[in-house]
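Open the model in your viewer and keep the selection panel at hand. The stops below say what to select and what is there.

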Amino acid sequence: MIHAEGVAEVTDATFDTEVLAADLPVLVEFTADWCGPCRQLAPVLSAVATELAGRMEVVQLDIDTSPGIASRYAVLSAPTLMVFRSGEPVKSMVGARPKRKLLQELEDVFETV
């Protein structure tokens, strides 16, 4: 898996505990080693995780090693970014994007808290 620095990895086994039961909103990147755009997104995720520390958790899930969760949420392409709040998916975005755009897209997650 293309690991973003400062971003935890979750698996099929840990997803429910780490994401669905989290107190904060959680941004999940569904990623894979073969995914070029996922490589571009890794430093963006690291920066977003640092900037939103204390407001949002950021994690990665490898869709090849943890296909159960990807299937549960009908993730068909990588990278897919999904925000979970109170155990429910509240936002989904597909594809890499620059940090500024991603932060703009995440603003409504905090406005509805």
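This is a predicted model: local features need pLDDT of at least 70, side-chain atom pairs count only at pLDDT 80 or more; totals for chains, interfaces and linings use all residues.

**Stop 1: threonine 50**

Select threonine 50: its relative accessibility is 61%, so it counts as exposed (over 50% relative accessible area; buried is under 20%, partly exposed in between, with a 1.4 Å probe and protein chains only). Threonine 50 lies in helix H2. Helices here are DSSP runs of H or I with at least four residues, strands are runs of E with at least two, and both are numbered from the N terminus.

Residues are numbered from 1 along each chain as its sequence is written, and side-chain values use heavy atoms, with hydrogens and water left out.

**Stop 2: alanine 4**

Now select alanine 4, in the segment before strand E1 (8-10). Is alanine 4 buried or exposed? Its relative accessibility is 1%, so alanine 4 counts as buried. Leaving aside residues up to four places away in sequence, alanine 4 touches Ala42, Leu45, Ser46 and Gln60; contact means heavy atoms within 4.5 Å. Cysteine 38 is 34 residues away along the chain, and its C-alpha atom is 9.5 Å from that of alanine 4.

**Stop 3: helices H2 and H4**

Select residues 36-51 for H2 and 99-111 for H4; the two pack at an angle of about 50 degrees, with axes 10 Å apart. The axes are lines fitted to C-alpha atoms over the stretch in contact, and angles run from 0 to 180 degrees between N-to-C directions. H2 and H4 are therefore oblique to each other, a class left over once angles under 35 degrees (roughly parallel), over 145 (roughly antiparallel) and 65 to 115 (roughly perpendicular) are set aside.

Show side chains for the contact: Val44, Leu45, Ala47, Val48 and Glu51 on H2, with Lys99, Leu102, Leu103 and Leu106 on H4.

**Stop 4: the whole chain**

Zoom out and colour by secondary structure. The protein has four helices and five strands, in the order β-α-β-α-β-α-β-β-α from the N terminus. Along the principal axes, the C-alpha trace spans about 35 × 25 × 20 Å. Of the 113 residues, 49% count as buried.
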